[in-house]
Each structure stands twice: as C-alpha cells, then as structure tokens.
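Have a look at the fold first, and then we'll go through the interesting spots.

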Amino acid sequence: MALLFISHDLAVVSTMVDEVVVLSEGRAVERGPVAQVLTAPRHEDTRRLVASARALDDALEDPR
C-alpha cells in the first residue's frame with residue numbers, strides 16, 4: 001500500500017511517513033528518509049522549511 005500525504009506540518013509528517021519528498025515551486029528539491037531530511041536538510045528550501053517549523057514550535061512553547 002502507498003500513501004501520498006501532503007502537508008506543511010512537519011511534526012505530523014514525521015509521524016506518518018518513512019520517506020519524504022520536499023517540493024519547492026512544484027519541483028522535488030530533496031528526498032530521503034524522513035529523519036535524515038528533517039535533521040540534516042541539504043537543500044536551502046528544506047533548511048528554511050525546517051527552521052520555520054522549529055521557530056513556530058518555539059513560539060508556541062513560550063508565547064510571550
């Protein structure tokens with residue numbers, strides 16, 4: 001069975017899938033095991049996506 005799961009919510013993505021493909025402007029820019037891509041992103045767009053998710057998590061944990 002295969003599942004195509006499309007989301008910007010990286011926390012949910014990391015619990016739902018084994019492999020991830022990061023798209024930017026309709027093009028695949030990075031692909032691999034979800035843990036590898038989210039902890040050591042290679043492409044600049046993936047790095048920005050991961051950084052923004054972390055910033056949002058930090059803001060939600062300490063809402064000043």
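A residue is called buried here when its relative accessible area is under 20%, exposed when that figure is over 50%, and partly exposed in between. Ser24 comes in at 18%, so it counts as buried. Keep in mind that this is a predicted model.

**The overall picture**

How many helices and strands are there in the protein? There are three helices and two strands, and along the sequence they follow the pattern α-β-β-α-α. The C-alpha atoms fill a box of roughly 40 × 25 × 20 Å along the principal axes. Of the 64 residues in the protein, 22% are buried. The protein exposes about 5,300 Å², and carbon and sulfur atoms supply 54% of that. Looking at contacts with a separation of 6 or more, 15% are between residues 24 or more positions apart.

As for confidence, the mean pLDDT is 90, and 94% of the residues reach 70 or more. Among the elements, strand 2 (residues 27-33) has the highest mean, 97, while helix 3 (residues 44-61) has the lowest, 85.

**Ser24 and its partner**

Ser24 is found in strand 1 (residues 19-24). Which residues does Ser24 touch, leaving aside its neighbours within four places in sequence? They are Val29 and Asp45. With Asp45 there's also a polar contact between the two side chains, at 2.7 Å.

In total the count comes to three salt bridges, and Glu44, Asp45, Arg47 and Arg48 are linked in a network of them. Here they are side by side:

| Pair | N to O distance |
|---|---|
| Arg47 and Glu44 | 3.0 Å |
| Arg48 and Glu44 | 3.6 Å |

The spacing along the helix is worth a glance. Arg47 and Glu44 are three residues apart in helix 3, so about one helical turn separates them. Arg48 and Glu44 also both lie in helix 3, four residues apart, again about one turn. Asp45 and Arg48 are three residues apart in that helix, about one turn as well.

**Nonpolar residues, inside and out**

Leu10 lies in helix 1, and its relative accessible area of 12% makes it buried. What is Leu10 in contact with, beyond its neighbours within four places in sequence? The list is Leu38, Leu49, Val50 and Ala53. Gln36 is 26 residues away from Leu10 in sequence, and their C-alpha atoms are 13 Å apart in space.

Leu3 sits in the segment before helix 1 (10-16), and at 56% relative accessibility Leu3 counts as exposed. Together with Phe5, Val12 and Met16, Leu3 forms a nonpolar patch on the surface, with about 340 Å² of accessible area between them.

Definitions and conventions: Residues numbered from 1 in each chain as written. Predicted model: local features only at pLDDT ≥ 70, side-chain atom pairs only at ≥ 80, totals over all residues. Heavy atoms only, no water. Patch = residues over 30% accessible without salt bridge, like charges linked within 9 Å, V, L, I, M, F, W, Y side chains within 5 Å. Areas by Shrake-Rupley, 256 points an atom, 1.4 Å probe, with all protein chains shown as cover. Salt bridge = Lys/Arg side-chain N within 4 Å of Asp/Glu carboxyl O. Buried < 20%, exposed > 50% of the residue type's maximum accessible area, 1.4 Å probe, protein only. pLDDT = per-residue confidence, 0-100. Contact = heavy atoms within 4.5 Å. Polar contact = N/O pair within 3.5 Å; in protein donor to acceptor, adjacent residues only side chain to side chain.
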